[in-house]
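Please keep the sequence and the model in view while reading.

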Amino acid sequence: MKKVYGAYLCTGCGIGEVLDVDGLKEAASETGVEMKEHACLCGAEGRAFIESDIKSAGVNTVVVCACSPRVMQPEFDFGKETITVRGNLREQVAWTGSLTEEGEVDEFLQEMGTDYVRMAVTRAQKTELPEPYLLETISKKILVMGGGIAGITAATEAAKAGYEVTIVEKDAQLGGKALGWRKMFPTTYPYNALEEPNIEAMIAAVEADSKITVKTSCEVARIGGSPGQFNVTLKEAGTKGEWDAPAKVTADEQDLINKGELEDPNAGMVKYTELNPEGEIYGAVVLATGWKPADVSEYEHLGYGKLNNVVTNAEFEKLAKNGKVPARVAFIQSPGGKENDKDFPYCNSVTSMVALKQANYVVEDNEDGQAYILYQHMRTPGNAELYYKGMQAQDGVFMTKASVTQVAESGSGLVVSAADTLLGDDLELEVDMVVLAAGMIPTTADENTINLAYRQGPAFLDLDLFDGYADSHFICFPYETRRTGVYTCGGVRKAETMEETMDDATGAALKAIQCIESANRGVAVHPRSGDQTYPDFFFSRCTQCKRCTEECPFGALDDDEKGTPLPNPTRCRRCGTCMGACPERIINFADYSIDMIGSMVKSIEVPDDDEDKLRVAVFVCENDAYPAIDMSGMHRNKMNTLVRFIPVRCLGSVNMVWIKDAMSSGMDGALLLGCKYGDDYQCHFVKGSEIASRRMDNIGETLGSLGLEPERCAVREIAISDYDKVPGIIDEFVEEIIEMGPNPFKGF
Ligand code: SF4
Ligand code: SF4
């Protein structure tokens, strides 16, 4: 497309009050584009002002220097055929400074503004109109793995929306664990009465639904392809095949296996016959494989596995479903002993609620029933609190915070000893049965549930870092996993009641639909919803180093025998981590490229003769850091005028050549500002900020070898809620640079 530029400066919202408008316009024309001004570009008149140039002068590349690109998006949307680039002069310049005491324009603030104008014009010059990636054929069918309450609900909801669904269930019948539950938690006001499960009716509805196909006694053997065209083969339930990820075995365990003292979890890994070798094509996958009870046998003082009548909550529910429960039962919610304040692993609000429900069975089944709930923490969120209160008032139900010290046999029954109770006294309870609150472990924690035919392997990666949950971002993107097109719900996503699971499964079904429809339009599904760009590889310069295939957080890239990447654009989240990784700098997007950001960095003016005007390039992640800086501006926090913010898709997309560009153009420091990583990770692209941190360590070494202080280049983590801390973080880094003095290569 032959570009015709139109650049527009808004002087409203205080921009024209603190900045020299003519100076800003001059900066644009020096960069090659004439700029017009308007007092309120986002108003109807302002928009018409731009639109008239589009119509009459054929402008197709619009530069708007005004407010943050995060706001007024419809106002500055001129259609898919027009490139629009926004320069942030309001939140990140005008609102972060003021006139001098003498009422003059602050030259430092003005220089900041002119640099942002130059960067915006440069960005427009380097941006191309994206062309969406469209699959030749697309399947809109949804595969649901797991036929429990989550899978059944997801299938029903997707079918209601008009989509065909196949449920694959490993058991011989649908229903999963819900078939064994005697009662459901209350779902209606006043939330004080347990309800009859409705699982049978739900199964009957699924079986009668012409849009839903049910395949029982089988499991997924292999999922190849990508959203819109996943190719799925099935295998007989329980068989292990060459594509299943082998179970992890420690050295000690291997030793025991070799001695024949431990069963080899990988025994039986033989080639199976796929039930449908050609495969069947699906658009998206809902993973509803549920949870399993955590092992509680390690708590020897509680006697599980050794004493009769010490059972888990799941085992007690089966008893209750099939008949009358014993009259005196202790429900132990926390292991006690040395682990005093801790709960059993994977305990949660559901296990608290289950104890209340099962205590209810005890008094329901026995006229003189006595249920004792011994806890460290009871969690009854939302309306469950009303049920909790009702049970506190229930005759025969006793609850106390307590540390259980021992469970022992006593005659034909059991005796539970507990200390540190709410009453202050130690307790000895004579009971018929002890129920331990075993937590709910997602099936993804230690099984290869998914069997993907991906270059990065068949399972979700690094799950031990996230307690076995497969989410790509637990807070911001529920249902989404680290494999685009695969959405989790129910117990495999988080511990949930049956009622919560139904809501959850509806969400996952909608996500699956959104994914299919996005793939159909050739746009990203999330988190950059609607993004038409995707990474473009200049393969003739690829050295097959495999960094892109290894570092992609979403397994979007496969490769051939030589190691040349094989992109799968519908798996891609458009994070740019591959672009940041590529040493040959041959991965680019239509509107985000190595050349574009490098040129923006070079468009920043670096005074080489003024020690008061050091310059620091700050690459900011658009997900948390950039909005935090905007919010800081909205709170009118002052911002250090020596820094220049350059938005990036994710810190993972920062190619180290940009840092070199910054330092070689005389800048005095470079900072990466992005999401937290590690245990408390917030990175929208899972590990972009972590990868960037590693790369920066390496560049520090390079700087050191050139005689520059490695500390001139650093990474700082920030959450979106840290907006008031941003100026302090920036000031602190700039102070460090000032102490080091100007870049010694400045001017060379
Ligand atoms: S842009 Fe991100 S998700 Fe897409 S291929 Fe590159 S690293 Fe993977
Ligand atoms: S990182 Fe770049 S050079 Fe390396 S394999 Fe990927 S595209 Fe090729």
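Q: What makes the passing of α5 and α11 right-handed or left-handed?
A: α5 passes α11 in a right-handed crossing, because a crossing is left-handed if the near helix is turned anticlockwise from the far one by less than a right angle, and right-handed if clockwise. This is a predicted model, in which local features need pLDDT of at least 70 and side-chain atom pairs count only at pLDDT 80 or more, while totals for chains, interfaces and linings use all residues. Residues are numbered from 1 along each chain as its sequence is written, and chains are lettered from A and ligands numbered from 1 in the order in which they are written.

Q: Why is α5 called oblique to α11?
A: The axes of helix α5 (residues 149-160) and helix α11 (residues 498-521) come within 8 Å and cross at roughly 45 degrees. That angle makes α5 oblique to α11, because angles under 35 degrees count as roughly parallel, over 145 as roughly antiparallel, 65 to 115 as roughly perpendicular and the rest as oblique. Axes here are lines fitted to C-alpha atoms, for helices over the stretch in contact, and angles run from 0 to 180 degrees between N-to-C directions.

Q: Which residues of α5 meet α11?
A: I149, A150, T153, A154, E157 and A158 in α5 meet residues of α11 that include M498, T501, M502 and D504, where a contact needs C-beta atoms, placed from the backbone, within 7 Å. Ala, Val, Leu, Ile, Met, Phe, Trp, Tyr, Cys and Pro count as nonpolar, Asp, Glu, Lys and Arg as charged, and the others, Gly among them, as polar.

Q: How are α9 and α10 packed, and what is the hand of their crossing?
A: Helix α9 (residues 349-365) and helix α10 (residues 384-392) pack at an angle of about 40 degrees, with their axes 11 Å apart, and their crossing is left-handed. The contact is made by S349, M353, L356, A359 and N360 of α9 together with A384, Y387, Y388 and M391 of α10, and these residues divide into seven nonpolar, two polar and no charged.

Q: Why is A371 called buried?
A: A residue is buried if 20 or more other C-beta atoms lie within 10 Å of its own, exposed if 12 or fewer, and partly exposed in between. A371 has 28 other C-beta atoms within 10 Å, and is therefore buried. A371 is found in strand β15 (residues 370-375) and, not counting residues up to four places away in sequence, touches residues including V329, F331 and A359.

Q: What makes H635 count as partly exposed?
A: H635 has 14 C-beta neighbours inside 10 Å, so H635 counts as partly exposed. H635 lies in the loop between α15 (625-634) and β28 (643-648), and, leaving aside its neighbours within four places in sequence, is in contact with Y723 and D724.

Q: How do you know on which side or sides of α2 the buried residues lie?
A: In helix α2 (residues 21-30), L24, K25, A27 and A28 are buried. These residues cover an arc of only 155 degrees around the axis, which puts them on the same side of α2; the arc is that of the directions from the helix axis to the C-beta atoms. What covers them includes β1 (5-10), β2 (35-38), β3 (61-66) and α4 (107-126).

Technical notes. Helix = DSSP H or I, 4+ residues; strand = E, 2+ residues; numbered from the N terminus. Contact = placed C-beta atoms within 7 Å.
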